[in-house]
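Thanks, everyone. Please put the model up on the screen, and I will go through the side-chain contacts.

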Amino acid sequence: MNTTRRSVLAGLMTAGALATGPARAAGETAPKEFRIGYQKIGLIVVTRQQRLIETQLADRGVAVRWFEFQAGPPLLEALNAGSIDFGYTGDAPPIFSQAAGGNLVYTAAAAPSGEGEAILVKESSPIRTVADLRGRKVAVARGTSAHNLLVAALEKAGLSFTDITPVYLSPADAGSAFTGGSVDAWAIWDPFFAIAQARDATRVLTTSGQTLDVSGYFLANRTFAQSHPAVLRAALRGLEQGAAWAESHREQVAQALAEVTGIPLPIQKVAADRTQFAVRPLTDRILAGQQATADRFHRLGLIPRAITVRDAVWTAPPA
């Protein structure tokens, strides 16, 4: 999805997430540092590699520190604890965090996972469709976007979540289990998806793009967001600049991802080529989709209580 810098910026300004002008807001004291959590994929890595957020915050003297996480749930644990201030995850982690009383807010949406997240089996497996997963062991990281993909794909195939045996593993451990044959299938996202395809002969049963329309999200610690809205605006401006560049520089994106993550360039090229790059306002349609996911998780007993996603949406004060 090609998104011009002008159209994205206009949309985010309409939603109140960004504002033009310098990062400084009247009466706002800049923090000494801005701590960002990231995973080894996508826009936030590109933005880090190009130091776009650092540039946006240079006039305020705010140091930017980066912290790597393997998946969204531990990133949001750190966000809730105040160990980081900002980060990106897929759709499911903020739902689990909000249901547990997490101190977070949604600031903007990212592009959908699309073809960069999938349910995989070995090419030699007799499993040909999602419906064939009945009675099988499926590796997935609990509370992640891949967890949501798995739940939605099963429902679409006429199965319930209880028709499979979920094996909750981190991506690294799930990769070993998948290669070793101790699980029958794996629900996972890039770059782990691309790594699995490079390492093993695999078959894709379905992708997020084929199954459901959901977004990833840029999230902030609620307390930090209330105290430092101008810093968040600056961060979103940097991400928006990164998205505009990345959409038209796929080769350089792969190189940037490889440099930051240490994952070989050919694998990152596969991941980059099927990644969409965007920063989007939190529209009614996007929030309705996230609410539907939250309702699904509650119905299945995966979260302890019903939540209203809008209660965790950041309302940016006037710049």
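I start with charges: Glu 155, Arg 296 and Arg 299 are joined in a network of salt bridges. A salt bridge here is a side-chain nitrogen of Lys or Arg within 4 Å of a carboxyl oxygen of Asp or Glu. By that rule there are 14 salt bridges.

Before I go on, the ground rules. This is a predicted model, where local features need pLDDT of at least 70 and side-chain atom pairs count only at pLDDT 80 or more, while totals for chains, interfaces and linings use all residues. Residues are numbered from 1 along each chain as its sequence is written, and side-chain values use heavy atoms, with hydrogens and water left out.

Now some individual salt bridges. Glu 33 and Arg 65 meet through their side chains at 3.4 Å, N to O. That pair links distant parts of the chain, with Glu 33 in strand β1 and Arg 65 in strand β2 (residues 63-68), 32 residues apart. Helices (H or I, at least four residues) and strands (E, at least two) are DSSP runs, numbered from the N terminus. For accessibility, buried means under 20% relative accessible area, exposed means over 50%, and partly exposed is in between, using a 1.4 Å probe and protein chains only. Glu 33 has 28% relative accessibility, so it counts as partly exposed. Arg 65 is also partly exposed, with a relative accessible area of 40%.

The next salt bridge is between Asp 190 and Arg 274, at 2.7 Å, N to O. Here Asp 190 sits in the loop between β8 (185-189) and α8 (192-199), Arg 274 sits in the loop between α13 (265-273) and β11 (279-280), and the two are 84 residues apart. Is Asp 190 buried or exposed? At 0% relative accessibility, Asp 190 counts as buried.

Then there is Lys 269 with Glu 251, where the closest N and O atoms are 3.6 Å apart. Lys 269 counts as partly exposed at 30% relative accessibility, and Glu 251 counts as exposed at 51%.

On to the rings. The model holds 9 aromatic pairs. Rings of Phe, Tyr and Trp (its six-membered ring) pair if their centres lie within 6.5 Å; planes under 30 degrees apart count as stacked, over 60 as edge-to-face and the rest as tilted.

One of these pairs is Phe 34 with Phe 86, which is tilted, at 5.7 Å centre to centre and 40° between the planes. Phe 34 is in strand β1 (residues 33-38) and Phe 86 in strand β3 (residues 86-89), 52 residues apart. Both Phe 34 and Phe 86 are buried.

What about Phe 86 and Phe 218? Their ring centres are 6.4 Å apart and their planes are at 5°, so this pair is stacked. With Phe 86 in strand β3 and Phe 218 in strand β10 (residues 217-221), the pair ties together parts that are 132 residues apart in sequence. Phe 86 has 0% relative accessibility, and Phe 218, at 1%, counts as buried.

Which residues make up the cluster linked by ring pairs? They are Phe 34, Phe 86, Tyr 88, Phe 218 and Phe 224.

Last, charges over rings. The rule asks for NZ of Lys or CZ of Arg within 6 Å of the ring centre and within 35 degrees of the ring normal. Lys 122 lies over the face of Phe 178, at 5.6 Å from the ring centre. Arg 142 lies over the face of Tyr 168, at 5.1 Å from the ring centre.
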